[in-house]
Amino acid sequence: PTSKLFEPLTLRHRTLRNRVNFGAHTANMAEDGLPGARHLGYYLERARGGAAMIVVEPIPVHQTARLTRGNFRHQDDAVISGFRRITEACKAEGSVMIHQLYHVGQHGDYDLSYAANWSPSGLPSYHDGDGSHRMSDSEIETIISCFVEAALRAQASGFDGIELFGAYHALIDQFWLPWSNRRDDRWGGTFLNRMRFSTEITSRIRKAVGDDFIIGMATSVDESVDAAMQTETLQEIARYHDERALIDYITCGTGSYFDYGGIIPTFHYADKLGAPYAEALKSVCRHTRVQAESHLRTPENALAVIASGQADMVSIVRGQIADPYWVTKVADGRHDEVRGCISCNQMCWGRRSRDYWISCLVNPSAGREFEWGGDRFVKTDAPKKVLVVGGGPAGLEAARVAAERGHRVTLAEAGAQLGGQFRLAGMQPRREQILDLLAWYERQLNRLGVTILMNAPLDPDEIAAWDADRVIVATGSQPAGTGFQRSLPDMATLPGVEKPNVWSVENVMTRAARLGEHVILVDDTGDWRGLGTALEIARRGHRVTVVTGWATLGEFLRRTGGDKIARARLRQAGGSWITESCVTAWEGKSARVRNNLDGAEQRIAADSLVLATTNVADTWLHDSLRETHSELGVELIGDALAPRLAVAAIYEGRVLGQSI
Ligand code: SF4
């Protein structure tokens with residue numbers, strides 16, 4: 001490849017084989033605080049896939065730094081042997097290995113740290129509302145020593161260097177910023193005093209580890225909150241560390257603990273979020289290498305950021321969770337084969353926030369590499385004839401994986417397009433990454449020689465006549481006629497539900513619905529069916545009022561970090577919402593809306609009613625086959641089993657596909 005993205009880059013004593021790194025993030029896979037087989041498999045897969053530098057996730061340096069149960073142990077040499085297995089395996093594949101060391105100061109978690117959170121000035125936490133303890137001089141010295149000891153442990157574990165966590169308003173950047181550092185001793189006050197903490201950490205680490213060891217610094221900018229790091233301030237800090245040769249590289253993300261949304265941007269955010277900040281740091285650093293991160297995602301973005309000189313290297317995290325072979329494929333010019341991350345945060349940040357090990361919606365082998373062998377498939381010795389009925393996420397994944405294994409696969413889809421419910425989600429504002437993923441599936445099935453039949457609703461006898469060795473039914477779901485709101489009444493018995501101006505999500509997204517000027521949307525789902533459809537209705541110029549039993553708009557988005565921006569987007573589009581309420585009757589030109597808390601009812605005038613309910617499984621074909629052709633041993637997956645999230649559908653497709 002001729003692109004600069006694939007030119008080597010020297011970083012102190014190491015040479016990166018290209019400019020695409022797998023940056024730090026909490027995979028949260030430690031068992032009893034130790035790195036095990038799951039961790040090893042996870043990182044090794046990305047090393048095999050071509051990542052130049054892998055930053056093995058934040059390790060707490062002290063008990064007051066612990067944030068999750070899946071964190072590695074702090075201050076314990078017991079981690080060394082497990083890390084050594086990871087560094088040796090990944091280095092053998094050509095990756096440079098870095099270890100990230102962290103302490104989040106005032107934002108710690110009291111339950112896990114078993115001690116008060118420690119911070120420069122005793123300000124409260126934003127993780128859980130705990131207060132924090134203003135560190136004494138000797139406690140500051142303790143933490144500095146812990147950073148140095150952790151760096152030595154990293155060196156003993158075979159890492160090529162460490163990265164210090166000074167991002168999102170962690171302990172290091174709490175010392176940097178006057179808002180959180182209100183000390184008047186030698187650790188606070190003047191700029192130089194505020195730099196003392198990171199200066200001591202970096203210089204003492206350098207003295208302890210010698211010259212042949214990389215020291216990086218993770219930082220971030222959050223311009224939406226005055227108290228958080230601003231671009232010019234970070235430039236000043238970067239210049240300070242650069243002039244004194246305290247660090248070898250600096251990486252800059254977006255967001256802060258004041259506003260989680262920007263840390264791991266969902267599809268609501270623009271691409272290349274972090275590139276301007278990397279560029280700002282490039283302009284002030286003479287020696288220090290600069291890495292761009294935050295929603296870079298695609299080969300095109302990464303190529304552009306490096307070609308334009310905005311950064312020396314890029315960190316693609318979710319992109320390589322979604323496709324561990326991102327780098328190899330792009331280096332080979334096979335951009336089309338990269339399975340794109342859809343910025344959903346459901347299985348990476350979503351699982352991490354619930355303190356599970358992370359995985360991926362589009363790549364269920366993430367975190368299971370040690371069990372499944374990653375996304376590489378062993379060819380079968382006995383190819384079978386496989387018929388998959390239904391082209392939603394479950395059917396697509398089952399067909400793809402069965403074909404990867406060498407089976408002869410036919411996929412029959414009743415409709416005119418692949419994707420099922422997932423396609424409806426992809427048609428909503430800013431969700432086009434889902435359509436890209438569906439296009440990827442189609443290309444993969446074509447590459448693998450799968451026969452795709454469109455507009456092919458097969459009946460039981462036709463399926464039996466197919467004479468397939470395996471029949472997989474993935475017929476998905478249908479809009480619920482019998483859905484219910486989170487509080488009564490049942491949607492099917494909702495007075496007025498039979499009126500002609502009542503529509504489903506499917507009606508709206510396929511444009512079958514003829515919507516009036518003001519639309520009331522009943523959101524019973526808390527996910528894309530409600531909020532996404534409301535945004536789409538608003539985008540088409542209608543005024544939309546969302547009535548939901550949830551306490552927040554978009555419960556699902558709240559859990560995955562996208563609710564705040566979705567609310568802002570709906571408000572900007574003239575939408576509004578009524579939470580903790582239900583519609584008790586549709587009167588044709590108005591809805592009766594009842595507050596679930598106090599029972600108060602109001603009548604709201606509107607022209608149309610849209611019901612966003614949870615779908616019901618479409619099991620007709622499966623049940624008929626079981627009755628009339630029980631000899632076929634039909635298997636059922638995806639939304640046809642019960643209402644399924646796309647993540648469960650793809651997981652089931654994968655498991656079944658690889659079991660054939
Ligand atoms: Fe991307 Fe979603 Fe996978 Fe996370 S779970 S890596 S956001 S596709």
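Two strands count as paired when DSSP finds at least two bridges between them, and the strands themselves are DSSP runs (E, at least two residues), numbered from the N terminus, as are the helices (H or I, at least four residues). On that basis, strand 8 (residues 161–165) and strand 9 (residues 214–221) pair up in the parallel sense over five bridges. F165, for its part, has A218 in strand 9 as its bridge partner.

A word on the model: it is predicted, so to speak of local features takes a pLDDT of at least 70 and side-chain atom pairs count only at pLDDT 80 or more, while totals for chains, interfaces and linings use all residues. Residues are numbered from 1 along each chain as its sequence is written.

Overall, the protein chain has 23 helices and 27 strands. Its radius of gyration (over C-alpha atoms) is 27 Å, close to the 26 Å from the globule rule (2.2 Å times the number of residues to the power 0.38) for 660 residues, so the chain is as compact as a globular protein of that length. The C-alpha atoms fill a box of roughly 75 × 65 × 45 Å along the principal axes.

As for the ligand, 14 residues lie around it (C-beta atom, placed from the backbone, within 6 Å), and R318, C341, C344, C348 and C360 come nearest.
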